[in-house]
Amino acid sequence: MINMDDINEKFDLLNDKNWLPADYGLYFKPGKIKFIDVSNRTSVRDVVKAIEALSNDERFGVMCTSLTDRDMQLLRDKKISYITNNQDVMIFSDKEINQVSKQRLHDFDLKKISPTLLVSPSSFEIIDTIFKLPKSYLNVSPTEFSLKFKLSRPKISKIMRTFMVRGLQDLRVALQRIPLSWWIESFNAPITRRKMTPFKNARTRRYVFRSKTSIDQFCERVRELKDQGIDVEYGGLSYLKILRSVRMDEFDLVARSDHMFDVIEKFDLRPARKHELHNNIFITSVDGNLESEKFKANIENSFEPFSSLEWLNPLRFLWGIQECESRVQEEREYLLGVYFNAITKNNN
């Protein structure tokens, strides 16, 4: 009888040296398995057909943001390994062992922590910075790290204590193991609104452009306002429009309350009437400067599709999209999955 602990020890799933980045996804050395990076918008069944069509003895797996129960059953039936963003790993071993081993990489009880531990302006700033840095840059003390990037040292300590890790590299591993479902649920938690301003709230006002405005014209005017020292930033819908994720006849902005007149004048706006539902822009005013909202990232976005947003923090912006419309929420959840997949794949 085969001991499953021996199998898990053989695979050593937690050892980063066992995973090699590849143009198709990841190569798992102990099992000699090619894990194909599959978008959650791609049919798993189509990928399975492609794998079955390959006439060789190679073993394959899929890595995906999420899988349905039906998808996982199909993969198990076909003896195809898989990895999901909630850190479930199903490894089908070689012919010698002829067994299936499953290891849940994250056994920390996330129900014990408040969403605001990780879903807050200072936390998003810390998490995004840790994720984007190469591993070699995380071999420093938390104090040195916080000073270099002007991050909250108390918040770093609190997160590390909660996850019971000693170093920044271990912290990143712990953060990467958090299921996507937890992030989505926490992003929607009302308690997080005490710390941040969503892109639509009671202070949001709706205006109309006096002339038709394209996304390129809109972005150019925002740049001009910033160059003039006007404290303004894209809103969530504008963010999605720049990513070409949604097609909507609406824009939005966040502006410092005492700069609202300059914004209205620059965009040549007037208040929208009740029946005017096209060519609109929603503007949310914020008291004081926008720096406290932590819209900016410490490290530029270099991976798609977020590279077009340059220095904006994807986590902060995706949280701020609190639209009730289903297609907007679906897009936000999709982009969250893309973000965490890209972070995992691009960090070495």
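The structure holds 15 salt bridges, a salt bridge being a side-chain nitrogen of Lys or Arg within 4 Å of a carboxyl oxygen of Asp or Glu. Side chains of opposite charge can pair when their charged atoms come close. This is a predicted model, in which local features need pLDDT of at least 70 and side-chain atom pairs count only at pLDDT 80 or more, while totals for chains, interfaces and linings use all residues. Residues are numbered from 1 along each chain as its sequence is written, and side-chain values use heavy atoms, with hydrogens and water left out.

**Salt bridges**

- Lys212 and Asp249 are joined through their side chains in a salt bridge, with a distance of 3.1 Å from N to O. Lys212 sits in the loop between strand E8 (204-209) and helix H9 (215-227), and Asp249 in the loop between helix H10 (236-242) and strand E10 (250-256), so this pair ties together parts that are 37 residues apart in sequence. Helices (H or I, at least four residues) and strands (E, at least two) are DSSP runs, numbered from the N terminus.
- Lys212 is exposed, at a relative accessible area of 60%, whereas Asp249 is partly exposed at 27%. In these terms, buried means under 20% relative accessible area, exposed means over 50%, and partly exposed lies in between, using a 1.4 Å probe and protein chains only.
- Within helix H9, Glu220 and Arg223 are three residues apart, and therefore separated by about one helical turn; their side chains meet in a salt bridge of 2.9 Å, N to O. Glu220 is partly exposed, with 36% relative accessibility, and Arg223 is partly exposed as well, with 43%.
- Glu325 and Arg327 form a salt bridge in which the closest N and O atoms are 2.6 Å apart. Glu325 is partly exposed at 34% relative accessible area, and Arg327 is partly exposed at 40%.
- A network of salt bridges links Arg270, Arg273 and Glu276.

**Helix H2 and its buried face**

- Helix H2, which covers residues 44-53, has Val44, Val47, Val48 and Ile51 as its buried residues. Seen down the axis of H2, these buried residues fall within an arc of 100°, so they line one face of the helix; the arc is that of the directions from the helix axis to the C-beta atoms.
- On the face of H2 that is turned away from its buried side, the exposed residues are Lys49 and Ala53.
- The elements covering the buried residues of H2 include strand E3 (33-38), strand E4 (59-64) and helix H3 (69-77), where contact means heavy atoms within 4.5 Å.

**Cavities**

- Two cavities of 30 Å³ or more are found when the whole structure is searched. On a 1 Å grid over the protein atoms alone, a cavity is a set of points where a 1.4 Å probe fits but cannot get out, and lining residues have an atom within 4 Å of a point.
- The second largest cavity holds about 40 Å³ of space, a volume being the space filled by probe spheres set on the grid points, which are joined across faces, edges and corners.
- Phe199, Lys200, Gly236, Leu237, Asp252, Gly320, Ile321, Gln322 and Glu323 line the second largest cavity. By class, this lining has three nonpolar, three polar and three charged residues, where Ala, Val, Leu, Ile, Met, Phe, Trp, Tyr, Cys and Pro count as nonpolar, Asp, Glu, Lys and Arg as charged, and the others, Gly among them, as polar.

**Loops and backbone details**

- Ser302 lies in the loop between strand E12 (280-286) and helix H12 (314-320), and at 67% relative accessibility Ser302 is exposed. Although Ser302 and Lys132 are 170 residues apart along the chain, their C-alpha atoms are separated by 8.9 Å.
- Pro305 is also found in the loop between E12 and H12, and the peptide bond that joins Glu304 and Pro305 is cis, with omega about 0°.
- Lys79, which is not a glycine, has a positive phi of about 60°. Lys79 lies in the loop between H3 and strand E5 (81-84), and Lys79 is exposed at 52% relative accessibility.
- Asp268, which is not a glycine, has a positive phi of about 55°. Asp268 lies in the loop between helix H11 (260-267) and strand E11 (269-271), and Asp268 is partly exposed at 40% relative accessibility.

Technical notes. On a 1 Å grid over the protein atoms alone, a cavity is a set of points where a 1.4 Å probe fits but cannot get out, and a pocket is an open set with protein on both sides within 12 Å along at least five of seven lines; lining residues have an atom within 4 Å of a point.
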